[in-house]
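Biologist: I have a structure open on my screen and would like to learn how to read it. Could you take me through some features?

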Amino acid sequence: GNSPGEAEKCLSSASASVGKLALCGVPLMDEEVARLAILLADNIYVSRLSLNECNLGDQGAEYLAEALAENEVLTSLSLEGNRVGDRGAARLAAALERNEALTSLSLGRNCVGGQGVKHLLDALESNYTLLTLDLASNSGNRPGWASAGDSRAATQKRLQALLKRNRGPRKVVTL
């Protein structure tokens, strides 16, 4: 793992060889995440970002969501093992509605509950690029993992259908 300072250098560096940036296990304060997010918004070098077990909560997820809404290069974002809850998931979902680059989002081992899942599923209705969404082992999802009013099985089925649609051949509409 890198330090937050090294991460900032990577995100603002002209080194096209960076590719992946991982700060796994490095506790980040909200202010550090905010600075990283500002750089991430305009980043053209890092395509995979892993902030696993960095003690990120909803505020950190909100900063990253703001960057994700603008970023056109990041294809993979892993936020496993943090404290992201429904509020953070809702902000990430809103970013997914605008983002056309991200193909993988991992929110496993967080605190996302039924409302967060609902926001993410609703965002997938208009997002055609996300191919994988990991929501495994969220403490907020027992027993309410299912989105509002749906059973867990129905929610999983809807999620699988949306991701499968995104993996299928693209339909081209000609006017």
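Modeller: Gladly; we will go from the overall chain to a helix, then to cysteines and rings. This is a predicted model, where local features need pLDDT of at least 70 and side-chain atom pairs count only at pLDDT 80 or more, while totals for chains, interfaces and linings use all residues. Residues are numbered from 1 along each chain as its sequence is written, and side-chain values use heavy atoms, with hydrogens and water left out.

Biologist: How many helices and strands does the chain have?

Modeller: Helices (H or I, at least four residues) and strands (E, at least two) are DSSP runs, numbered from the N terminus. Here there are six helices and five strands, in the order α-β-α-β-α-β-α-β-α-β-α along the sequence.

Biologist: What share of the residues count as buried?

Modeller: Buried means under 20% relative accessible area, exposed over 50%, and partly exposed in between (1.4 Å probe, protein chains only). Of the 175 residues in this chain, 47% are buried. As for contacts (heavy atoms within 4.5 Å), among those between residues at least 6 apart in sequence, 85% join residues at least 24 apart.

Biologist: Let's take α6. Which of its residues are buried, and which are exposed?

Modeller: The buried ones are T155, L159, L162, L163 and N166. They fall within an arc of 95 degrees seen down the axis of α6, so they line one face of the helix; the arc is taken from the directions from the helix axis to the C-beta atoms. They pack against α5 (114-124) and β5 (132-134). On the other side of α6, A153, K157, Q160 and K164 are exposed.

Biologist: And what about disulfides?

Modeller: A disulfide is a pair of cysteine sulfur atoms within 2.5 Å. The count here is zero. For C24, the nearest cysteine sulfur is that of C54, 6.3 Å away, which is too far for a bond.

Biologist: Are those two cysteines buried or partly exposed?

Modeller: C54 has 0% relative accessibility, so C54 counts as buried. C24, at 37%, counts as partly exposed.

Biologist: Which residue lies over the face of Y128?

Modeller: A charge sits over a ring if NZ of Lys or CZ of Arg is within 6 Å of the ring centre and within 35 degrees of the ring normal. In this model R165 lies over the face of Y128, 4.0 Å from the ring centre.
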